[in-house]
Amino acid sequence: MDTDQSQVIVTMGATAGAIQVHHRDFPEIRAHGQDAADAATQLVNQLTRALDSALTTWRRETIERAIQDVKMYRPEEH
């Protein structure tokens, strides 16, 4: 499975020192952390929970691809 790290979007969070991360395909699923790596870990957890409500094979595969993109994300490169 190919991954695309450019799909991971990092922005400043709502509070000072917080980072927010989401995947381009799932902008409604966002995670916060002290740094980009922590936020990415939290995003993987949230996307994994979203698999529980994936009712179609297409939706499950899309979420799994997003999880792989986030897992391969390298914050030091951004």
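Visitor: Is Gln 7 buried or exposed?
Guide: In this predicted model, Gln 7 sits in the segment that comes before strand β1, residues 8–12. Its relative accessible area is 18%, and since the cut-off for burial is under 20%, Gln 7 counts as buried.

Visitor: How many salt bridges does a search of the whole structure find?
Guide: One of them joins the side chains of Glu 28 and Arg 59, and another joins the side chains of Glu 64 and Arg 60. The search of the whole structure finds a total of 2.

Visitor: How many residues apart in sequence are the parts that Glu 28 and Arg 59 tie together?
Guide: The side chains of Glu 28 and Arg 59 meet at 4.0 Å, taken from N to O. Because Glu 28 lies in strand β3, residues 26–33, while Arg 59 lies in helix α2, residues 57–71, the pair ties together parts whose separation in sequence is 31 residues.

Visitor: Where do Glu 64 and Arg 60 both lie?
Guide: These two side chains form a salt bridge with an N to O distance of 3.8 Å. Glu 64 is partly exposed at 31% relative accessibility, and Arg 60 is partly exposed at 35%. They are 4 residues apart, about one turn of the helix, and both lie in helix α2.

Visitor: Why are the buried residues of α2 on the same side of the helix?
Guide: The buried residues of α2 are Thr 62, Ile 63, Ala 66, Ile 67, Asp 69 and Val 70. An α-helix has 3.6 residues a turn, so residues three or four places apart point the same way. On the other side of α2, Thr 57 and Lys 71 are exposed.

Visitor: How far apart are the end C-alpha atoms of α2?
Guide: Helix α2 has 15 residues, and at 1.5 Å a residue these should span 21 Å. The expected span agrees with the distance between the end C-alpha atoms, which is 21 Å.

Methods: Residues are numbered from 1 along each chain as its sequence is written. This is a predicted model: local features need pLDDT of at least 70, side-chain atom pairs count only at pLDDT 80 or more; totals for chains, interfaces and linings use all residues. Side-chain values use heavy atoms; hydrogens and water are left out. Helices (H or I, at least four residues) and strands (E, at least two) are DSSP runs, numbered from the N terminus. Buried means under 20% relative accessible area, exposed over 50%, partly exposed in between (1.4 Å probe, protein chains only). The expected span of a helix is 1.5 Å times one less than its number of residues.
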